[in-house]
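The sequence and the structure follow.

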Amino acid sequence: MTKSLILFGISNFLSDLFDCALALGYSIDAIVMNQPEVRRPRTKGVEERISPLPSPPRLIDLDDFVPGPGQECFLGTTSIRRDRLVKLIEERYALPFARLVHPTAYISPLASLGKGVFVGANSVVAPGARVEDFALINRSASLGHDSVLGPYARLQPGGTVGGHVTIGRGATVGIGATVIEEKVIGPGAMVAAGAVVIEDVEEGCMVAGVPGKVKSGPMNG
Ligand SMILES: CC(C)(COP(=O)(O)OP(=O)(O)OC[C@H]1O[C@@H](n2cnc3c(N)ncnc32)[C@H](O)[C@@H]1OP(=O)(O)O)[C@@H](O)C(=O)NCCC(=O)NCCS
């Protein structure tokens with residue numbers, strides 16, 4: 001039987017979400033808009049994104065949404081403040097959050113995944129690793145053994161995280177970045193695309209380059 005999925009919010013990530021949801025046998029019934037769409041010139045709008053779907057979802061304003069039986073939900077936004085939307089969804093509706101793991105991803109049976117987690121195509125979650133609630137692992141990324149991807153954290157395409165690494169709540173490891181083993185990435189920190197992190201990163205800092213150097217944040221204002 002087809003499973004019904006409701007997405008809350010929109011982002012550039014929608015097409016990957018559709019791809020994964022379809023591969024898992026979901027029908028995407030509605031996209032609930034929690035705020036007006038902000039169009040950027042180099043990206044596709046939501047109407048264009050939904051048009052190739054076999055059965056395009058309805059676009060509904062948050063205040064008009066009424067959940068139906070048997071539905072599951074997922075976040076369509078990847079914003080670093082998506083925790084507020086989760087709180088609102090949990091307060092208003094009794095909708096369970098799906099866990100979207102692309103069929104081509106490898107999740108070790110010795111790893112654990114929280115609720116509302118996304119793991120994209122060709123990604124690996126190694127033994128002993130823990131992916132906490134609402135964390136996101138994009139395409140072709142690797143979370144090393146015994147590492148933790150904290151709640152709302154994001155590991156972007158091609159990112160590689162070594163063993164025993166801790167990535168804090170809401171932190172981001174950008175496209176193609178590497179974090180070597182046993183490092184700690186503080187909450188809300190940003191590892192720039194292509195960086196190689198060889199030292200711990202403090203909360204809220206941005207590091208870039210090879211080796212990674214602090215570019216902004218609490219350390220140097
Ligand atoms: C880290 C990032 C967010 C910084 O963006 P920003 O806040 O607009 O920063 P700026 O472009 O103003 O750059 C600030 C400094 O960091 C440097 N910098 C930024 N990104 C860098 C990178 N990937 N590698 C090396 N240096 C980088 C800039 O050259 C600049 O250095 P300077 O102060 O010495 O001149 C962005 O560059 C990035 O890497 N984003 C990740 C993208 C990603 O993973 N997307 C996922 C889509 S699926």
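## Contacts and burial of selected residues

Leaving aside residues up to four places away in sequence, Met-206 touches Met-190, Ala-192, Lys-215, Ser-216 and Gly-217; two residues are in contact if their C-beta atoms, placed from the backbone, lie within 7 Å. The model is a predicted one, in which local features need pLDDT of at least 70, side-chain atom pairs count only at pLDDT 80 or more, and totals for chains, interfaces and linings use all residues. Residues are numbered from 1 along each chain as its sequence is written.

Met-206 is found in strand E22 (residues 206–208). Helices (H or I, at least four residues) and strands (E, at least two) are DSSP runs, numbered from the N terminus. Met-206 is buried, because 20 other C-beta atoms lie within 10 Å. The scale behind this term counts other C-beta atoms, placed from the backbone, within 10 Å of a residue's own: buried stands for 20 or more, exposed for 12 or fewer, and partly exposed for values in between. Between Met-206 and Val-117, which are 89 residues apart in sequence, the C-alpha to C-alpha separation is 24 Å.

Gly-158 lies in the loop between strand E14 (154–155) and strand E15 (160–161). Gly-158 is also buried, with 20 other C-beta atoms within 10 Å. When residues up to four places away in sequence are not counted, Gly-158 touches Ser-140, Ala-141, Ile-175 and Gly-176. The C-alpha atom of Gly-158 is separated by 20 Å from that of Ala-111, 47 residues apart along the chain.

## Backbone geometry

Which residues other than glycine have a positive phi near 65°? Asn-122 has such a value, and Tyr-152 has a positive phi of about 65° although it is not a glycine. Asn-122 is found in the loop between strand E8 (118–119) and strand E9 (124–125), and Tyr-152 lies in the loop between E13 and E14. Asn-122 is partly exposed, with 15 other C-beta atoms within 10 Å, whereas Tyr-152 is buried, with 26 other C-beta atoms within 10 Å.

A cis peptide bond joins Val-210 and Pro-211, with omega about -5°. The place of Pro-211 is in the loop between E22 and strand E23 (213–216).

## Ligand surroundings

The ligand is surrounded by 13 residues, the closest being Gln-156, Gly-174, Ala-192, Ala-193 and Ala-208. A residue is near a molecule if its C-beta atom, placed from the backbone, lies within 6 Å of it. The shell divides into 7 nonpolar, 5 polar and 1 charged. In this division, Ala, Val, Leu, Ile, Met, Phe, Trp, Tyr, Cys and Pro count as nonpolar, Asp, Glu, Lys and Arg as charged, and the others, Gly among them, as polar.

## Strand pairing

| Strand pair | Bridges | Bridge partners |
|---|---|---|
| E1 (residues 3–8) and E2 (residues 26–33) | 6 bridges | Leu-7 and Ile-31 |
| E1 and E4 (residues 71–75) | 5 bridges | Ser-4 and Gln-71 |

Strands E1 and E2 run parallel, joined by 6 bridges. Between them the chain crosses through helix H1 (residues 14–23), and this β-α-β crossover is right-handed: with the strands pointing away from the viewer, the path from the first strand over the helix to the second runs clockwise. Ser-4 has Ser-27 as its bridge partner in E2 and Gln-71 in E4.

A further group of 5 strands forms an open sheet in the order E7-E10-E13-E16-E19, with parallel pairing. Strand E7 (112–113) and strand E19 (184–185) stand at the edges, each with a single partner strand, so one side of each is left without a neighbour in the sheet.

## The chain as a whole

The protein chain has 3 helices and 23 strands. Its C-alpha atoms fill a box of roughly 50 × 40 × 30 Å, taken along the principal axes. For 221 residues, a compact globule would have a radius of gyration near 17 Å, and the 17 Å of the protein chain agrees; the radius is taken over C-alpha atoms, and the globule rule is 2.2 Å times the number of residues to the power 0.38. Of the 221 residues, 42% count as buried. Among contacts between residues at least 6 apart in sequence, 25% join residues at least 24 apart.

Key:
Pairing = 2+ DSSP bridges.
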